[in-house]
Each structure stands twice: as structure tokens, then as C-alpha cells.
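I am opening a notebook on this structure and will write down what I looked up, one topic at a time.

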Amino acid sequence: MSALTTVPKRRRRSVIARIGWSRFLQEIGMLAPAVLLMTAFLITPFLLSFWTAMTNQPLVPRPTPVRFVGLNNFMRILSDDLFWTSLWNVTRFTIWILPAQCGLAFVTALILNQKIPFRNVFRGMFFLPAITSMVVVCVIWGTLFQYPTGPLNQIVVSLSGGYIQPIDWLGDPNWAMFSIVLLSAWQAYGFQMIIYLAGMQGIADELYDAARIDGAGPWGRFWHVTMPGLRPTHVFVLVITTIQAFKLYTQVAILTQGGPKSSTETVVHYMVRAGFEEQKLGYASAVSVILFLIVLVIALIQRRLMRRFDV
């Protein structure tokens, strides 16, 4: 027992002895600002939200005192059909956005990784939507989606020769979520494209030369060199995109406000509406805690996958 307790002390002494007290204090000083900021803006708000989730705290203070309600807010959320609808909607959005956004980013990165003229210009052009404000993107796509005379409807009617009638992209429950997926994939695929480009450029040219010597054609080099080399990149892109998809809010808030018929209601929009419109801050905090746990599970899966693929 005494041997077990002495091992950590030896390690601590060896670390300080190896780097010296001055460098140790210097590194602590460099870490301190980040630790303080994370404590002030991430850890403390989360702990406060967890406590608030177990109270009936309103947004605006009232004469009645705030009461501790335990897990009542969580039970009410889990028994609310609208919450499960919002969770299903955001899950549906994630299932649709993953192949659309990641696939488009992957194909674009493959093309722009070739030696084509003005490829740096094209890289900048395709990355431009990713750095454009989502509010601006929603205004642009809101114009494109206008019913029945919007540009997108004119294209659909023209290409079909009038066979397909104008579509109410944002007013039809069958099309509203698809429209949100369409503009979200267009806005954000440039970010994944840059990650894929970095992954492709990290693959050694010697591997492609060896594949050519072995007689591999373009498809063989893609399947046996590019794809295995991008395995960690695939995992990273899929997990990051999934986490971002579960935080869907801005597009819904600007274009549909969760409608029509709750077909685009999401967990974050549900939380914001409960907190600010209905002024139920404790209830909204409970939703945020549930969303945090969902994202935490995804992050743990990410860690497990990265270990499995030796990332």
C-alpha cells in the first residue's frame, strides 16, 4: 500500500525536476487565462444551468420565490409530445444532412485536389458560403424558396415543362425540412471540403507512385490509397457534422419558426421558445441539459471511434 502511494509523488517530483520550477510556473501562467475563461464562460454556466433546471426559475423575476422542483422539469419534458417531435425532426435532419453535406464536400475536395487551372480560386469560391453569415444565407434562400413565383419554382416548372406545379418549399410540411437541409448543406459544406483537402494533401505521394508501379488505375489508387488514407478524416467530419446538426436553430428561427405543423421544430428552437417566449427559464435549462447529454454521448462515440481507428 505504501509503494502504491509513493509512485505518484515520484512522478510529480520527476516532472518538476525535469522542466524546472521556472518553466513549470511559466506554463501554469500560460494556461491560466484559458482555464479562467473556460471556467467563467463554460463550466460555471453549465453548473448554474443544471441547478436552474431543477427549479421553477422564470426569465423575469417575480414576487413569488423560486422553488426547488427536483426532476419535475425533466419529467415534463419527457412527457411532452412536442419535445419528442423536435428530437425526431433534428434526428431526421441529421440523417439527411450527413450524406448530402459530407458527400458534396468529399466530391468537391476530390476535384479541387487535382491539378486543374485556377484551383485556388475555386477553393476560395466554394469556401465562401461557409464564412457567410447564416442570417444572410437564410435571406438569400428565403427569396429562392418564395412560393409560387420564386426562382427555384420557376426552374422546376421550366425543367418539367409545366408537369410539376410550384412547390411551397417552406409552407408544406412534406418539403419544409428538405428545404432546410438543402440550404444548410450548401452553406456549410465548404468547411468539410477544407478538412477533406487537408486530409488528401497529407497522403504521401510515394503511396500513389507505388500503386502506379503495381499497375493500379485511377479507381484502384482512389479505393486502395485515398480512401484508407482518409479514414480518420471521415470519422472526424462525420462526428463534427453530427454534433453541429443537433444544434440546428438559426435556419428554423428565421425561415419557419418550427412550422409548418411542427415539421421543422428542433430541440434548440424548442428550448429557446420555452426560455424566452414562455419565460420558463428552469424548463429551458432542463432542455439544455438533455441536449448536452445527447452531444456528450456523440462525443464519447467520437472518442471510441478515434481510438479504434488509431487517430
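**Entry 1: the largest pocket.** I began with the lining of the largest pocket, to which α5 (119-127), α8 (173-201), α9 (205-213) and α10 (218-229) each supply at least two residues. Helices here are DSSP runs (H or I, at least four residues), numbered from the N terminus. I noted a volume of about 520 Å³ for the largest pocket. Of the 17 residues that line it, Asn 113, Gln 114, Asp 205, Tyr 208 and Arg 212 are the closest to its centre. A pocket is found on a 1 Å grid over the protein atoms alone, as an open set of points where a 1.4 Å probe fits, with protein on both sides within 12 Å along at least five of seven lines, and a lining residue has an atom within 4 Å of a point. The volume is the space filled by probe spheres set on the points, which are joined across faces, edges and corners. Sorting the lining of the largest pocket by class, I wrote down six nonpolar, four polar and seven charged residues. In this sorting Ala, Val, Leu, Ile, Met, Phe, Trp, Tyr, Cys and Pro are nonpolar, Asp, Glu, Lys and Arg are charged, and the others, Gly among them, are polar.

**Entry 2: what kind of model this is.** I must keep in mind that the model is predicted, so that local features need pLDDT of at least 70 and side-chain atom pairs count only at pLDDT 80 or more, while totals for chains, interfaces and linings use all residues. Residues are numbered from 1 along each chain as its sequence is written, and side-chain values use heavy atoms, with hydrogens and water left out.

**Entry 3: salt bridges.** How many salt bridges does the structure hold? I found four, where a salt bridge is a side-chain nitrogen of Lys or Arg within 4 Å of a carboxyl oxygen of Asp or Glu. I looked up Glu 27 and Arg 23, whose side chains meet at 3.2 Å, N to O. These two residues are four apart in helix α2, and therefore about one helical turn separates them. Glu 27 is partly exposed at 33% relative accessible area, and Arg 23 is partly exposed at 45%. For these words, buried means under 20% relative accessible area, exposed means over 50%, and partly exposed lies in between (1.4 Å probe, protein chains only).

I then turned to the salt bridge between Arg 273 and Glu 265, with 2.3 Å from N to O. Is Glu 265 buried or exposed? Glu 265 counts as buried, at 1% relative accessibility, whereas Arg 273 is partly exposed at 23%. Another salt bridge joins Glu 278 and Lys 280, whose closest N and O atoms are 3.0 Å apart. Glu 278 is partly exposed at 41%, and Lys 280 is partly exposed at 28%.

Entry 4: In helix α13 (residues 267-277) I listed the buried residues as Val 267, Val 268, His 269, Tyr 270, Met 271, Ala 274 and Gly 275. Gln 279 lies in the loop between α13 and α14 (281-308), and has a positive phi of about 60° although it is not a glycine. Gln 279 is partly exposed, with 29% relative accessible area.

Lys 261 counts as exposed, at 80% relative accessibility.

**Entry 5: another cis bond.** I also noted a cis peptide bond from Tyr 147 to Pro 148, with omega near 5°. Pro 148 has its place in the loop between α6 (134-144) and α7 (151-159).

**Entry 6: a nonpolar surface patch.** Which residues make the nonpolar surface patch of about 650 Å²? I wrote down Leu 37, Met 38, Phe 41, Leu 42, Ile 43 and Leu 47. Such a patch joins nonpolar side chains (Val, Leu, Ile, Met, Phe, Trp, Tyr) within 5 Å, and like charges are joined within 9 Å, using residues with over 30% relative accessible area and no salt bridge. The areas come from the Shrake-Rupley method with a 1.4 Å probe, and for residues only the protein chains shown count as cover. Met 38 is found in helix α2 (residues 21-52) and is partly exposed, at 45% relative accessibility.
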